[in-house]
Amino acid sequence: KTLAGYTKDGSNECSAFVAHYDKDGKVLAANAIVPTINEEVAAKYQNYGQQDHSVYCNAVKVLFDGTTPYVALTFTDKLSSADGTKTNISGNYAYEYYGSQFACSTQSMTVAKLDVETLGVNDFVLTVKGNDFSDASNYGCAVNSSAASIADGHLYVASTFKGNGSANGNIQVGQSDLVKLSIPLNDGGCKAIVLADVNLSDLSLNYNLYTGSYSWSADGNGENTVSDIFASGDDLIVTGTTTSSSLFDNKKVAEGNTDVFVASVKKSGFTSNWSTLSGVAEGDDNVERVSSAVVSNGKIYVGAFSANEPNSSIYKLLTSNLYAINLANGTLENIDVTDYVTSFAVDKDGKIGVSSYTNETNALNFGLYTSTATGISSVKADKIQNTKIYNLQGQRLAAPVKGQINIVNGKKVMF
């Protein structure tokens, strides 16, 4: 099995890691992906941002094309291949205004091809980032969120942008020239998503930038994120959240502060099939967020939750939400659940593995379900009461962390 994540030293800096491990949790191979500072960007950041520059790289997802591993990363500054022959420099910075304080971000995303044995970076297949250069008169944009998947020899990526004013985003395949994207932005609000398709055999690129009539923020200052992208037959399925108009249909508007969205587009030409919203009115100062999603037997199941919007990264949970969306027409069904879905997995036979969390009793639940044309009826399984959850550093956690090994009641569990 392969695990990816990041390590943090207590400062603003962190590095990604990728590791192979066996069923007992023994590490078979591991590699750290460490960013290096871009001094020119750091100087501009301190000049306009009036704060220390954060340098980081975070592994968010491991992907496979056959036996060849890839990893999706969010990063700032500069990354290099294991042999030092290839480099990847993040966007310059995004210039934002909050009250009397300026804040900057250089966050970019890339998908790196890894060595099968050592897990070292061989190449950077696709990178999405903001401006190459910007200053106070040319506001920038950063990558706000991204999702990636590989299917049938193709890499599929969805990314959103965040910044101020109007600026260029960029796509780059390998070490080739940048492909410029004109991103409409407004006061930190994102008005664009880029969908990209890279053929891994010849690195040919197809992409589409959704703006204009497909603007997410037709009403102005909206912020939107993507959480997953799936290949399903001739279509791509994208999930995320929106604070205003629908992903590909601006006639559909979110209830309350945010809605979960699911959208289907054609792989060929990226034309929209349908788009649907959850329609949850979660109340003032609350948000709805996606926790996990999975595609099985003609439906996509999306686990979500409503919570108080945090001042930090900690949410106060309010309600658990689970949706089943028909991939043929976008029809959404609400599934009645009381527990919070933390992760999904699906095997080749369409059986869905579900982990969920009971907020009131701090209990973890595990179950295996068979999805059919009528869907799954509930997310419920045997509980582990008085659950004690720790990370690999021995720190106790309130809930399991998705994409990492958690120690649950003394056993290593991957979520």
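These are my notebook entries on a predicted model of one protein chain.

**Ground rules**

I number residues from 1 along each chain as its sequence is written.

**Entry 1: the whole chain**

I looked up the secondary structure first.

Next I checked burial. I found that 52% of the 415 residues count as buried. Buried means under 20% relative accessible area, exposed means over 50%, and partly exposed is in between (1.4 Å probe, protein chains only).

The chain exposes about 18,300 Å², and carbon and sulfur atoms supply 46% of that area. Accessible areas come from the Shrake-Rupley method with a 1.4 Å probe; for residues, only the protein chains shown count as cover.

I also looked at contacts, meaning heavy atoms within 4.5 Å. Of those between residues at least 6 apart in sequence, 52% join residues at least 24 apart.

**Entry 2: Gln107**

I located Gln107 in the loop between strand 9 (101-105) and strand 10 (108-114). Is Gln107 buried or exposed? Gln107 is buried, at a relative accessible area of 18%.

I then listed polar contacts. Each is a pair of N or O atoms within 3.5 Å; within protein, one must be able to donate a hydrogen and the other to accept it, and residues adjacent in sequence count only if both atoms are side-chain atoms. The Gln107 side chain makes one with the side chain of Tyr56, at 2.6 Å. A polar atom of the Gln107 side chain also lies 3.0 Å from the backbone oxygen of Val143. Leaving aside neighbours within four places in sequence, the contacts of Gln107 include Thr74, Phe75 and Asn144.

**Entry 3: a hairpin**

I followed the chain into strand 10. Strand 10 and strand 11 pair in the antiparallel sense over six bridges. Two strands pair if DSSP finds at least two bridges between them. Leu114 stands opposite Val121 in strand 11. The two strands form a hairpin with six residues between them. In the turn, I noted a positive phi of about 65 degrees at Leu119. Strand 11 (residues 121-129) is mostly covered, with eight of its nine residues buried.

I traced four antiparallel strands in an open sheet, in the order 23-24-25-26. Strand 23 (286-296) and strand 26 (332-335) are at the edges with a single partner strand each, so one side of each lacks a neighbour in the sheet. Strand 24 (residues 299-308) and strand 25 (residues 316-326) run antiparallel and are joined by ten bridges. I saw that Asn308 has Lys316 in strand 25 as its bridge partner.

**Entry 4: salt bridges**

How many salt bridges does the structure hold? I count two. Each needs a side-chain nitrogen of Lys or Arg within 4 Å of a carboxyl oxygen of Asp or Glu.

One joins the side chains of Lys266 and Asp235 (3.6 Å, N to O). Lys266 is in strand 21 (residues 259-266) and Asp235 in strand 20 (residues 235-242), 31 residues apart. Lys266 is partly exposed at 33% relative accessibility, whereas Asp235 is buried at 16%.

Another joins Lys299 and Glu333 (3.9 Å, N to O). Lys299 lies in strand 24 and Glu333 in strand 26, so this pair ties together parts 34 residues apart in sequence. Lys299 is buried at 10%; Glu333 is partly exposed at 35%.

How values were computed
Predicted model: local features only at pLDDT ≥ 70, side-chain atom pairs only at ≥ 80, totals over all residues. Heavy atoms only, no water.
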